[in-house]
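Welcome! Take a moment to look over the sequence and turn the model around before reading on.

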Amino acid sequence: MLAAESGVQQQLHTLYRDHHSWLFGWLRKRMGCAHNAADVAQDTFERLLASRDVLMGQRLQINEPRAYLTTTAKRLLIDRARREQLERAYLAELELMAEDLPQYPSPEQLLIAVQALDQICRVLEGVSAKARAAFLLHYLDGQTHAAVAGHLGVSTKMVQKYLVQVLLHCGRLLA
């Protein structure tokens, strides 16, 4: 093991030991649920482990650990809220469509659909906000390139570039 890797691991261990219980308590108060708070606290440290600096064996430059952890946890809470909102919207849409269907989707079909939507959300996190909006407006809302361009205030050529960026990004992540 390299000395740099050992230093990074020690830094993460110390950060976890010194601040995990505080972060868990902060999240529990904010979320009102110990189980969800534990999940988000764990996800916060997982996000640190997956950071570019850690993966490259470089020590993290964290001057204010609690502020850093709080910011990371807040971003995870936002991601979680977006996923939950997407799931609720999907389930509401399914409920509306269920009247026209000969049968309700099975739990397995629902799980597959929700997992696919979650995967799409994760992929879209890696692109710009306008590219993400163009993708969603075009592929999920069925808007034309011209309508998306008008909505975003860009040219149709730019909409096409955004869509290509997202599709290339998806291809790289799924390859």
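This is a predicted model: local features need pLDDT of at least 70, side-chain atom pairs count only at pLDDT 80 or more; totals for chains, interfaces and linings use all residues.

Is Asp79 buried or exposed? Asp79 counts as buried because its relative accessible area is 11%, under the 20% cut-off. Leaving aside neighbours within four places in sequence, Asp79 is in contact with Arg47 and Glu125.

Two packed helices are described by the angle between their axes and the distance between the axes. Here, the axes of H2 and H4 come within 9 Å and cross at roughly 115°, and the crossing is right-handed. By class, the contact of H2 with H4 has eight nonpolar, three polar and five charged residues.

Here is where the helices lie in the sequence:

| Helix | Residues |
|---|---|
| H2 | 34–49 |
| H4 | 65–98 |
| H6 | 129–140 |

Now on to H6. Helix H6 has 12 residues and reaches 16 Å from its first C-alpha to its last, close to the 16 Å expected at 1.5 Å a residue. Which residues of H6 are buried? They are Ala131, Ala134, Phe135 and Leu137. What covers these buried residues includes helices H5, H7 and H8. After H6 comes Gly142, with a positive phi near 75°.

Key: Residues are numbered from 1 along each chain as its sequence is written. Side-chain values use heavy atoms; hydrogens and water are left out. Axes are lines fitted to C-alpha atoms, for helices over the stretch in contact, and angles run from 0 to 180 degrees between N-to-C directions. Helices (H or I, at least four residues) and strands (E, at least two) are DSSP runs, numbered from the N terminus. A crossing is left-handed if the near helix is turned anticlockwise from the far one by less than a right angle, and right-handed if clockwise. Ala, Val, Leu, Ile, Met, Phe, Trp, Tyr, Cys and Pro count as nonpolar, Asp, Glu, Lys and Arg as charged, and the others, Gly among them, as polar. The expected span of a helix is 1.5 Å times one less than its number of residues. Buried means under 20% relative accessible area, exposed over 50%, partly exposed in between (1.4 Å probe, protein chains only). Contact means heavy atoms within 4.5 Å.
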